[in-house]
Amino acid sequence: MKAGAWARAAWNTGSEIEQKTGLLMFDTDRCTECGACLTQCPSVQYSTEKAIAEIRELKQFGQADILSACITCMACNESCPTGARPFDRISMLQEQHGIRLVSGSRADMIETQLNSVPKHIVVGGDSRLPALSLCVMEQALPQNMAVSALFKGLTIVSGSPYYSRVVHLHTGMPSLTREHAARFIENLADLGRKEIVFAHDDCYVMAAVLAPGYGIDVPFMAVHLADWLCRALAEKGTEVKLLGKRIAFQRPCITRLAPWTDRCVDTVFRLTGVERAARTYDGMNALCCGIGLMEKYPERSRELVQKNIADALKHGAEAMVFGCPSCYAFMSGPCMEAGLAPIFISDLARMALGEIPFEPRPHIRRDIA
Ligand code: SF4
Ligand code: SF4
């Protein structure tokens, strides 16, 4: 089943209240109360008995302890063996009970910032090629990211109209994510492209998974950045020089909702001649970068950053590749301090093409124009 069809089928099984406020929805019929989702949660150390009790509380729409302990990493959706999506219920109940990882003033500031990035379109040379969306993340991405043979001829779009607001799955306000979904898809559809490549995983997941799940027609194919890089590198053939490095990957939490994208990352690593460091906090055991905790729980946020960096170094990585612009901007400084080179995934591909040297490529702070 295609991702969109799967998501739509999932949506149709949701309760009415979840259809109004939720992410997709917790499928209680699928939940066998095994407790695996919460015994594997990186934020708590629950026994199987406690995990089952929590799940039963969630099923009753109760104020389970996990609502306050949850760091919104979404790992439980991926670890559930039946695909019941427990995070969707957790997220919905966080909103219902006003449990948020960020203060009201910070949530307001995030919304204001997201709404104030000017729309910008640079029309590419070939209208048959996709558009590349940088959404509101242009300042968090590597400078001149798209000035590369990898994106030659693509139309480049950025600004508030092209941002999905998936961030609110982390702020405890998933209804805002849903509220903006239709407009987000319309704005992208107006570009008239068959395919849209997303530089931000959040927006990819909205277009490929969530919007179809909400019943919104998506008239273009959503392409994950790593998927596009695979295509572009494959076309370059012998121009690609294998880097011969061992590098760690910082998996973005949102890809728990689109786990197939992690295989695209594997392919980018293979095509660039990079060994993906077999570290503890990767794949199913990936650990959030901690950016969402920075305001209310700065110690926990720092701990997550340090755990990820120490883990990468322990497993012999000389660099950390990022697929999410927020993780990249947030962790670049600490990575540099620890001697671990931060590299955004598109820059890794550029290095293999010889466009830029293999060296640390940290996020450079710059003002929003
Ligand atoms: S949501 Fe999934 S993992 Fe969690 S208890 Fe239910 S079936 Fe088990
Ligand atoms: S989203 Fe992450 S932190 Fe929250 S309950 Fe699920 S696994 Fe635990």
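Predicted model: local features only at pLDDT ≥ 70, side-chain atom pairs only at ≥ 80, totals over all residues.
Local features need pLDDT of at least 70 and side-chain atom pairs count only at pLDDT 80 or more, while totals for chains, interfaces and linings use all residues. Residues are numbered from 1 along each chain as its sequence is written, chains are lettered from A and ligands numbered from 1 in the order in which they are written, and side-chain values use heavy atoms, with hydrogens and water left out.

**Ligands**
- Ligand 2 sits in the largest cavity, where a cavity is a set of points on a 1 Å grid over the protein atoms alone at which a 1.4 Å probe fits but cannot get out, and sitting there requires more than half of the ligand's atoms within 2 Å of its grid points.
- Around ligand 2 there are 14 residues, the closest being Cys 41, Cys 70, Cys 73, Met 74 and Cys 76, where a residue is near if one of its heavy atoms lies within 4 Å.
- Ligand 1 sits in the second largest cavity, and of the 14 residues around it Cys 31, Cys 34, Gly 35, Cys 37 and Cys 80 come nearest.

**Pockets**
- The largest pocket, an open set of points with protein on both sides within 12 Å along at least five of seven lines, is lined by 42 residues, with Arg 106, Gln 113, Met 137, Ile 291 and Ser 326 nearest its centre; lining residues have an atom within 4 Å of a point.
- The second largest pocket is lined by 21 residues, of which Gln 40, Cys 41, Pro 42, Ser 43 and Leu 287 lie nearest its centre.
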